[in-house]
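Reader: Could you help me learn to read a structure, one feature at a time?
Author: Gladly; let us look together.

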Amino acid sequence: MKKSEITLKKSIIINPLIAFYFFVSFIEMIAEYNKDSYFISYTKPLTIPILILIYGFSVKSKNRSYIISLLLVWVASILLVSDKSYLIIIGSAFYLLSQLIIISLVLMRIKNPGISPILIGSLPFVFLYLFIGFYFYEKIELSLLLLIIQGVFMTFFSGLCFTNYLRKVNTTSSYLLVCSILFTLSQVLILTNGLGSKNAKLQVLTTVFFIGGQFIFYLYLISHDKKLKRYKVNN
């Protein structure tokens with residue numbers, strides 16, 4: 001596909017879809033702030049399918065693992081709307097599976113910096129999960145094991161992204177670092193806010209982190225694939 005054709009495709013299809021993605025997300029945030037379950041039920045299930053369309057139109061060769069991760073997180077987002085603790089736990093488990101796929105995608109794309117740098121880079125995130133575990137213990141007692149499992153994988157993932165950023169500062173590594181932070185924050189808020197008395201402002205903040213993290217990871221994949229193609233052409 002010629003460069004002019006790609007630019008035309010982006011302006012006609014992809015850019016409007018991106019605008020629609022954030023428009024639906026904005027409506028969802030307003031609905032969550034007002035605790036409007038009617039609009040939430042319509043907007044929350046829409047964002048991830050829109051992102052799948054954006055990705056589908058953005059690349060010629062699609063990564064099936066990434067699409068599966070989006071489908072898993074889509075199921076999770078629907079389950080997490082519920083006020084029932086067991087559905088929130090199941091939704092969080094689907095969310096964790098999605099994150100495991102994302103971690104595998106990242107591991108295939110970056111150079112392993114070694115265990116010591118990853119452990120050092122993970123320390124801020126370890127302290128965050130320890131704080132959440134102790135402070136909100138009574139609220140998350142039923143899902144403490146899930147929080148521990150999430151904490152192990154997400155601190156590893158965040159430490160890996162942080163170390164990768166320090167090794168090579170560029171747009172791609174910046175995308176990866178930012179999305180890892182947003183993923184971690186959204187995951188923490190999903191459990192702490194979901195299993196307690198839901199706070200509307202925290203719910204909106206969770207959506208901001210979730211929507212932003214998912215979109216920035218999409219940007220990371222696109223940026224990485226473009227760099228890989230340029231490298232193959234030059235060699």
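Reader: Where is Lys35 placed?
Author: Lys35 is in the loop between helix H1 (3-33) and helix H2 (37-58). Helices (H or I, at least four residues) and strands (E, at least two) are DSSP runs, numbered from the N terminus. This is a predicted model, where local features need pLDDT of at least 70 and side-chain atom pairs count only at pLDDT 80 or more, while totals for chains, interfaces and linings use all residues. Residues are numbered from 1 along each chain as its sequence is written, and side-chain values use heavy atoms, with hydrogens and water left out.

Reader: What is the phi of Lys35, and is the residue buried or exposed?
Author: Its phi is positive, about 55°, although Lys35 is not a glycine. For the second part, buried means under 20% relative accessible area, exposed over 50%, and partly exposed in between (1.4 Å probe, protein chains only). With a relative accessible area of 59%, Lys35 is exposed.

Reader: Which residues does Ser122 touch, leaving out those up to four places away in sequence?
Author: Contact means heavy atoms within 4.5 Å. By that rule Ser122 touches Thr155, Phe156 and Gly159. Ser122 lies in helix H5 and is buried, at 5% relative accessible area. There is also a distance to read here: the C-alpha atoms of Ser122 and Ser158 are separated by 6.3 Å, though the two are 36 residues apart along the chain.

Reader: Is Leu119 buried or exposed?
Author: Leu119 counts as exposed, at 52% relative accessibility. Leu119 is placed in helix H5 (residues 115-135).

Reader: How many disulfides does a search of the whole structure find?
Author: A disulfide is a pair of cysteine sulfur atoms within 2.5 Å. The search finds zero.
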